[in-house]
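Please look over the sequence and the model before reading on.

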Amino acid sequence: MGINYLYPDFEVVRNQDRCISCRVCERQCANEVHSFDEATGRMKADESKCVNCHRCVSLCPTRALKIVKTDHTFKENANWKGEVIQDIYRQAESGGVLLASMGTPKDYPVYWDKMLVNASQVTNPSIDPLREPMETRTYLGQKESVIKRDANGKIITKTAPQLKLEIPIMFSAMSYGSISYNAHKSLALAAQELGIYYNTGEGGLHEDFYQYGKNTIVQVASGRFGVHPGYLNAGAAIEIKMGQGAKPGIGGHLPGSKIGEDISKTRMIPLHSDAISPAPHHDIYSIEDLRQLVFALKEATAYTKPIIVKVAAVHNISAIASGIARSGADIIAIDGFRGGTGAAPARTRDNVGIPIELALASVDERLRQEGIRGNVSLVVGGSIRSSSDVLKAIALGADAVYVATSALIALGCHLCRTCHSGKCNWGIATQNPELVKRLNPEVGSERLVNLITAWNHELKEMMGGMGINSIEALRGNRLMLRGIGLHETELNILGIKHAGA
Amino acid sequence: MNGYHQRTPLEGEVRIPSGCAISGIISRSGKRFSGREAISSIAVMHDRSNGLGGGFAGYGIYPEYADFYALHVFYYSSEAKRSCEDFLEEHFDLINLSKIPTTKHHAITDEPLIWRYFVTPLPTKLASSQLDENEYTARCVIKINREIDGAYVFSSGKNMGVFKAVGYPEDVGEFYRLDDYEGYSWTVHGRYPTNTPGWWGGAHPFSLLDYSVVHNGEISSYDANRRFIEMFGYSCTLMTDTEVITYMIDYLHRKQGLSFEEVANVIAAPFWSTIERKSQEEKEVCTYLRNTFASMLITGPFSIILGFSGGLMALNDRLKLRSLVAAEKDDRVYLASEEAAIRVICPEPDRLWYPSGGKPVIVTLEGQQGGQDGHQLPVSGL
Ligand code: SF4
Ligand code: SF4
């Protein structure tokens, strides 16, 4: 037997002068880090259990706590870093796949941060959004390619089904199961108030949430959990999930321990059975199969709902997207490799897929070259962190964006990246009723509404600065972007010039 | 790239914002008049141009060749002329060809060879292309401009013609002897580009088939519009606003069959809040047009005068960020950037008004249908 000693990543620093032994931290920590030592009359901590979620720090009434990164170290080695060594210890011990959650923490280039935005000076006035109309309404769905008129010469205004968004931002798929009832409710309430959409993820739709159907996108994934005619018709659109940015090429796994009564009912699977969605859809081994599923879903909903096909950003994404655009799908959602997840194999999350910025740029360009950009709308996600990311995505060619991690952070997530443990102290990625009730859906939805409203204000401010007063004039308007510190190849793929050029 | 220009970078190699002056005159009864009034009108707005481009479009000027496409071409070498003429012979019947008459003018220099051809598509070629003659001709023009170095077709409509050069517009009018032409409508443009490429092809009006556009402004939607319209076989080689606006109008009016009123509802679409207040039927149409052609919305300041066979349309951006005045006297309608440019040729108009942002002024010859719907009033959008 080897001795695999893993030194804790964090130290719990308690200022004993401030601590009043109120034991709040003890009650708040589902990981059982804190405890009261009867012998000394003092609080103590087992930092080996700490995930650095800041719950105790945030609730300590005397600000006695802080969590610091340990300075315990291996002998420095640029190649064999501490985390690499520790991962090997872990796997030597367990023989298992390393699990992780949320988006990859690795230091890959973030192209959003390497693009700068234009503004008007002299030749063209900027527009003040406080004084002039500034429009962010967006319709998602197929656009007619030929105008048709009736016998009297009037334009026939019937279109393929569309999603109407007052703000070009939607909450992307997070299943009931991977996140809590209260988290789902917060998203649904907020989507309704904002005039946008949230997405059920692959876990079906809880019966309490059918009332938010007008603002709901229902997902159909490879496991087909919770899919039935009522579900398909409950939402405003249906999303076929082919892949997810955090784990392209593999399916999902919700452990039986999380499949309680409610979730088992919603997913239509036995209590406490593992919910395993297969890596591929077993009825889709090729593009023509996808077309059949698209039309099967359209038939099932009498052609009243747009069909979204969600794919992970992988190497040949533009060819894939071009295939999807010809499959009858109305909207393509592309999820970049920095996107979040409730649980994924760490190696997949950290190494598979490509950044959304590059995927978006090449897909938009490819669809235009083929003259089929109007066949579909493009929605992108995979780490949209701010309104300027939204703006840049739209300028590169997206119709709208999907956000998930940002939404969870608004709900209280502190990005501790241990969602897969099911012990989220913020009541988000957990099914433990004691933890779930920490998240108040009314408060949660208000925070989400605040966040998206604030982003929309910022979006309008920047659009006005460029002299653009409608979002459609920003879409694909790449002249409004310049690269900073990018190579020729990167600039070519993004279809933008370098700053100063 | 092209070896024929004097200064770099050229139009098409960089994007050049410009400020400008525009003017347009039409006789609704179709009475023809010389280009002199357009020259006088634009001369008043001298300060709105900087001598780096001026031009005119006249409609009804070639009645004796009304059924043929009149191609006006700049050549920067005899080689270019030879290849272009070879191409034309291959695709068209050449009914007549000549140099366009000009007068030496001290302020107009570096002129290229300027030729005019009256042509009609070769019937066999046209049939095998399976295109209508407009589309056939448009594609040939785009091909010449894209592929023959040193040749540039700057006018290609029937019974109309564009005349343009580097210089102040009033000088350009003298240079082309526009006193000698008579048309039922004229538009004119004086240019104020913010840098100095000085290429004749870059002057305005920009024209394709019988559409010609003069434009004042700098649109902020340029790249969104360009990347969208290029899906339909156009290529925006000049990188100017006017070029992309002309292509969008060609696409919407000629290819999609929208009326000019409907075209205005796309490129200067009403705000959603305005659409909301319309009648149910109008609301549906406006929503449909705005959504279907979302990427053809133009934002940022512009005022344009569009010339077409049988009429003119003036249009401002939705916020009216550029000046535009209209006036009426007897059978004439006048449109210009400044009131003074109208009063100099029509001191006492019957009516003078400032069209609101996003509301087109469409003027058509009496007895002529202005748009697809055929219900166009002689003057609308007041
Ligand atoms: S919450 Fe703060 S004050 Fe209370 S026991 Fe914990 S560390 Fe001490
Ligand atoms: S959702 Fe909860 S468990 Fe997951 S990263 Fe956020 S705070 Fe941690």
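Predicted model: local features only at pLDDT ≥ 70, side-chain atom pairs only at ≥ 80, totals over all residues.

Because Glu83(A) belongs to helix α3 of chain A and Lys106(A) to the loop between β5 and β6 (115–117) of chain A, the pair ties together parts that are 23 residues apart in sequence. Glu83(A), at 47% relative accessibility, also counts as partly exposed.

## The largest pocket

The largest pocket has a volume of about 1,800 Å³. It is lined by 49 residues, of which Asp9(A), Glu83(A), Gln86(A), Arg90(A) and Arg417(A) are the closest to its centre. The largest share of this lining, 6 residues, is supplied by α3(A), and at least three residues come from each of domain 1 (7–100) and domain 2 (115–498) of chain A. By class, the lining holds 17 nonpolar, 16 polar and 16 charged residues.

## Further salt bridges

Over all chains, the structure holds 51 salt bridges. One of them joins the side chains of Glu135(A) and Arg318(B), at 3.2 Å from N to O, and this pair crosses between chains, with both residues buried.

## Around ligand 1

The shell around ligand 1 is made up of 9 nonpolar, 2 polar and 2 charged residues. Of these 13 residues, Arg14(A), Cys19(A), Cys22(A), Cys25(A) and Cys60(A) come nearest.

Conventions:
Residues numbered from 1 in each chain as written. Chains lettered and ligands numbered in written order. Heavy atoms only, no water. Near = heavy atom within 4 Å. Nonpolar A, V, L, I, M, F, W, Y, C, P; charged D, E, K, R; others polar. 1 Å grid on protein atoms, 1.4 Å probe; cavity = no way out; pocket = protein on both sides within 12 Å on 5 of 7 lines; lining within 4 Å. Points joined across faces, edges and corners; volume = space filled by probe spheres on them. Helix = DSSP H or I, 4+ residues; strand = E, 2+ residues; numbered from the N terminus. Domains from an automatic or database assignment. Salt bridge = Lys/Arg side-chain N within 4 Å of Asp/Glu carboxyl O. Buried < 20%, exposed > 50% of the residue type's maximum accessible area, 1.4 Å probe, protein only.
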